[in-house]
Amino acid sequence: MSAADPLVVHVIQDVLDPFTSTVPLRIAYNNRLVLAGAELRPSAIVSKPRVDIGGSDMRVLYTLILVDPDAPSPSHPSLREMVSDIPGTTGASFGQELLVYERPEPRSGIHRMVFVLFQQLGRGTVFAPDVRHNFSCRNFARQHHLNIVAASYFNCQREGGSGGRRFRPESS
């Protein structure tokens, strides 16, 4: 990943540790492919997305997490957001849903919705967190011995919101 990659600029360090993507991850809502940094409104993400996972071995299992690092608001994040045992070369529908999909409904500001794909040690080695409040991808990965193999994200704001994510350039 290059330093200009939207995932690196807007997600790595804040939500995830740096990693090298090793498995193709394709996410689509209503047949619209999610590209890193895309803008999607809540009305476009009501239903679960279609998730296709690459790889070459169905014996390798993955856990997919959707996390909103900006909930309940970008200035006061505390409500971060699971499907496990997904065989390689398949999709999330082939895994075990540990937490039910809750459509993102940002109330204020622009929220980054981050999909993280982890490789598991084996079947039945990942369990749902006790609470979603203050969920940490880093801590969850350490606890379950997971390695990040792919990630993507999109931006979402309330239906009537306007504007885009704005970042001040870092001063040298």
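# Close-up views of a predicted model

The protein averages a pLDDT of 81, and 85% of the residues score at least 70. pLDDT is the predictor's confidence in each residue, from 0 to 100. This is a predicted model: local features need pLDDT of at least 70, side-chain atom pairs count only at pLDDT 80 or more, and totals for chains, interfaces and linings use all residues. Residues are numbered from 1 along each chain as its sequence is written, and side-chain values use heavy atoms, with hydrogens and water left out.

**View 1. Six strands form an open sheet with mixed pairing.** The strand order is S3-S11-S10-S5-S8-S9. Strands are DSSP runs of E, at least two residues long, numbered from the N terminus. Two strands pair if DSSP finds at least two bridges between them. Strand S3 (38-39) and strand S9 (96-97) stand at the edges. Each has a single partner strand, so one side of each is left without a neighbour in the sheet. S3 pairs with strand S11 (residues 147-157) in the parallel sense, over two bridges. Ala 38 has Phe 154 as its bridge partner in S11.

**View 2. Strand S5 (residues 61-67) is largely enclosed by the rest of the structure.** Seven of its seven residues are buried. Buried means under 20% relative accessible area, exposed means over 50%, and partly exposed lies in between (1.4 Å probe, protein chains only). Both faces of S5 are covered. Leu 61, Thr 63, Ile 65 and Val 67 are buried on one side. Tyr 62, Leu 64 and Leu 66 are buried on the other.

**View 3. S5 pairs with S8 and with S10.** Three bridges join S5 to strand S8 (residues 83-87), and the two run antiparallel. Here Leu 64 stands opposite Val 83 in S8. S5 and S10 also pair in the antiparallel sense, over six bridges. In that pairing, Val 67 stands opposite Val 114 in S10.

**View 4. Ring pairs link Tyr 29, Phe 115 and Phe 154 into a cluster.** Rings of Phe, Tyr and Trp (its six-membered ring) pair if their centres lie within 6.5 Å; planes under 30 degrees apart count as stacked, over 60 as edge-to-face and the rest as tilted. The structure holds two aromatic pairs. In one, the rings of Tyr 29 and Phe 154 have centres 5.7 Å apart and planes at 80 degrees, so the pair is edge-to-face. Both Tyr 29 and Phe 154 are buried. Phe 115 and Phe 154 form a tilted pair, 6.3 Å centre to centre with 40 degrees between the planes. That pair links distant parts of the chain: Phe 115 lies in strand S10 (residues 110-119) and Phe 154 in strand S11, 39 residues apart. Phe 115 is buried at 2% relative accessibility. Phe 154 is buried at 0%.

**View 5. Lys 48 and Glu 97 meet in a salt bridge.** Side chains of opposite charge can pair when their charged atoms come close. A salt bridge is a side-chain nitrogen of Lys or Arg within 4 Å of a carboxyl oxygen of Asp or Glu. By this rule the count comes to five salt bridges. Between Lys 48 and Glu 97, the N to O distance is 2.8 Å. Lys 48 is exposed, with a relative accessible area of 52%. Glu 97 is partly exposed, at 35% relative accessibility.

**View 6. Two further salt bridges involve Arg 59 and Arg 50.** The side chains of Asp 57 and Arg 59 meet at 3.0 Å, N to O. Asp 57 is partly exposed at 24% relative accessibility, whereas Arg 59 is exposed at 70%. Salt bridges that share partners join Arg 26, Arg 50 and Asp 52 into one network. Within it, the closest N and O atoms of Arg 50 and Asp 52 are 3.0 Å apart. Arg 50 is exposed at 53% relative accessibility. Asp 52 is partly exposed at 22%.

**View 7. Cys 137 and Cys 156 are buried.** Cys 137 has 5% relative accessibility, and Cys 156 has a relative accessible area of 0%. A search of the whole structure finds zero disulfides (pairs of cysteine sulfur atoms within 2.5 Å).

**View 8. Over residues 165-172, pLDDT stays under 50.** For this segment the model has eight contacts beyond four places in sequence. Contact means heavy atoms within 4.5 Å.

Methods
Helix = DSSP H or I, 4+ residues; strand = E, 2+ residues; numbered from the N terminus.
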